[in-house]
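Have the sequence and the coordinates at hand while reading.

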Amino acid sequence: MNRRGGKEKIRNKKQGDNTMKIGSREFDTEHQTYIMGILNVTPDSFSDGGKYSRIDAALLHAEEMIRDGADIIDVGGESTRPGHVQISDEEEISRVAPVIEAMKARFDTPVSVDTYKSAVAREALRAGADLVNDIWGLKYDPGMAHVIAESKASCCLMHNRDNTDYRQFIPEFLDDMRECVRLADEAGIERDKIILDPGVGFGKTYEMNLEIISRLEVMHELGLPVLLGTSRKSVIGLTLDLPPKEREEGTLVTTVFGVQKGCAFVRVHDVKKNKRAIRMTRALTERR
């Protein structure tokens, strides 16, 4: 199954070449689904705030996730849960940069920084980050695209809006994603450095979140690998009427759905269980 057969041609990408390099590792984004493990070094994240804010605790958890099968570790220094309080660039840098530097000294697994601020991204990249995970898809900070392009790092561009006012959700969602890609193109970010994230839980109603998960295949017309991030999110909590720490079964269902819909990456808290779910799903789907 060709998971990336979109209408748009990929600039500077050889025909049939569906691999991308993140750090020193090659990722087959057509035939595999990889795991991005979540490492929140924050005191107030919705699911695990405060647990890994010390460097030693963060490193131990990163090591555990890598052992369980994480392919990328995503380090976040500011909570972006609903109602979060924005922190200064300096505080965010002080949280993420030492952890990233320590991780790169100890592990060879690619490291991502979860930030929408160019100053934070710049310092994280200097500390050794391989990928910038921007929840605003280059639309919040005008300097972000330039920082990524200059560093030649990879990036994950997430769909986001500051409202849920859509006339036609899916067409406007795709237009928003195209705008993210346009900003990347204008800055000189190569297409083989870009992942797209549908932004479950951001700028969408509950019904819209369910719709975009169920229709993930619409993103393939954009011709870029897709990352699905649903782990423990409110769409699962609202559906199952469960608090964050009891949403793993719901997360596993969305991971299986993501594999079936051709996602190249999933971003999750519980690496071991999601890794097993991916392996089982692929064993079944590859027999079709």
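Arg178 has a relative accessible area of 28%, which makes this residue partly exposed. The model is a predicted one. The side chain of Arg178 meets that of Asp175 in a salt bridge, with 2.9 Å from N to O. Asp175 is likewise partly exposed, at 45% relative accessibility. Both residues belong to helix α5 (residues 169-187), where they sit 3 residues apart, about one turn of the helix.

The structure holds 22 salt bridges, and another of them joins the side chains of Glu217 and Lys261 at 2.8 Å, N to O. This pair links distant parts of the chain, 44 residues apart: Glu217 is in the loop between α6 (206-214) and β9, and Lys261 is in the loop between α8 (248-260) and β10 (265-268). Glu217 counts as partly exposed at 36% relative accessibility, and Lys261 counts as partly exposed at 21%.

A further salt bridge is formed by Glu248 and Arg232, whose closest N and O atoms are 2.6 Å apart. Glu248 is part of helix α8 while Arg232 is in the loop between β9 and α7, so the pair ties together parts 16 residues apart in sequence. Here both partners are buried: Glu248 has 8% relative accessibility, and Arg232 has 15%. Arg232 also has a positive phi of about 60 degrees, although it is not a glycine.

Leu138 is another non-glycine residue with a positive phi, near 75 degrees. Its place is the loop between β6 (131-134) and α4 (144-151). Leu138 counts as buried because its relative accessible area, 6%, is under 20%.

Salt bridges also form a network, which links Arg25, Asp71 and Lys275. Elsewhere, positive charges gather in a surface patch made up of Arg67, Lys272, Arg276 and Arg279. Helix α9 (residues 271-285) gives the most to this patch, with 3 residues. Arg67 lies in helix α1 (residues 55-68) and is exposed, with a relative accessible area of 61%.

The cysteines remain. How many disulfides does a search of the whole structure find? The search finds 0. A pair of cysteine sulfur atoms would have to be within 2.5 Å to count as a disulfide. For Cys156 the closest cysteine sulfur is that of Cys155, 7.7 Å away, which is too far for a bond. For Cys180 the closest cysteine sulfur is also in Cys155, at 9.7 Å, again too far for a bond. Cys156 is buried at 0% relative accessibility, and Cys180 is buried at 2%.

Key:
Residues numbered from 1 in each chain as written. Predicted model: local features only at pLDDT ≥ 70, side-chain atom pairs only at ≥ 80, totals over all residues. Heavy atoms only, no water. Buried < 20%, exposed > 50% of the residue type's maximum accessible area, 1.4 Å probe, protein only. Patch = residues over 30% accessible without salt bridge, like charges linked within 9 Å, V, L, I, M, F, W, Y side chains within 5 Å. Areas by Shrake-Rupley, 256 points an atom, 1.4 Å probe, with all protein chains shown as cover. Salt bridge = Lys/Arg side-chain N within 4 Å of Asp/Glu carboxyl O. Lys, Arg positive; Asp, Glu negative; His and termini not counted. Charge placed at Lys NZ, Arg CZ, Asp CG, Glu CD. Helix = DSSP H or I, 4+ residues; strand = E, 2+ residues; numbered from the N terminus.
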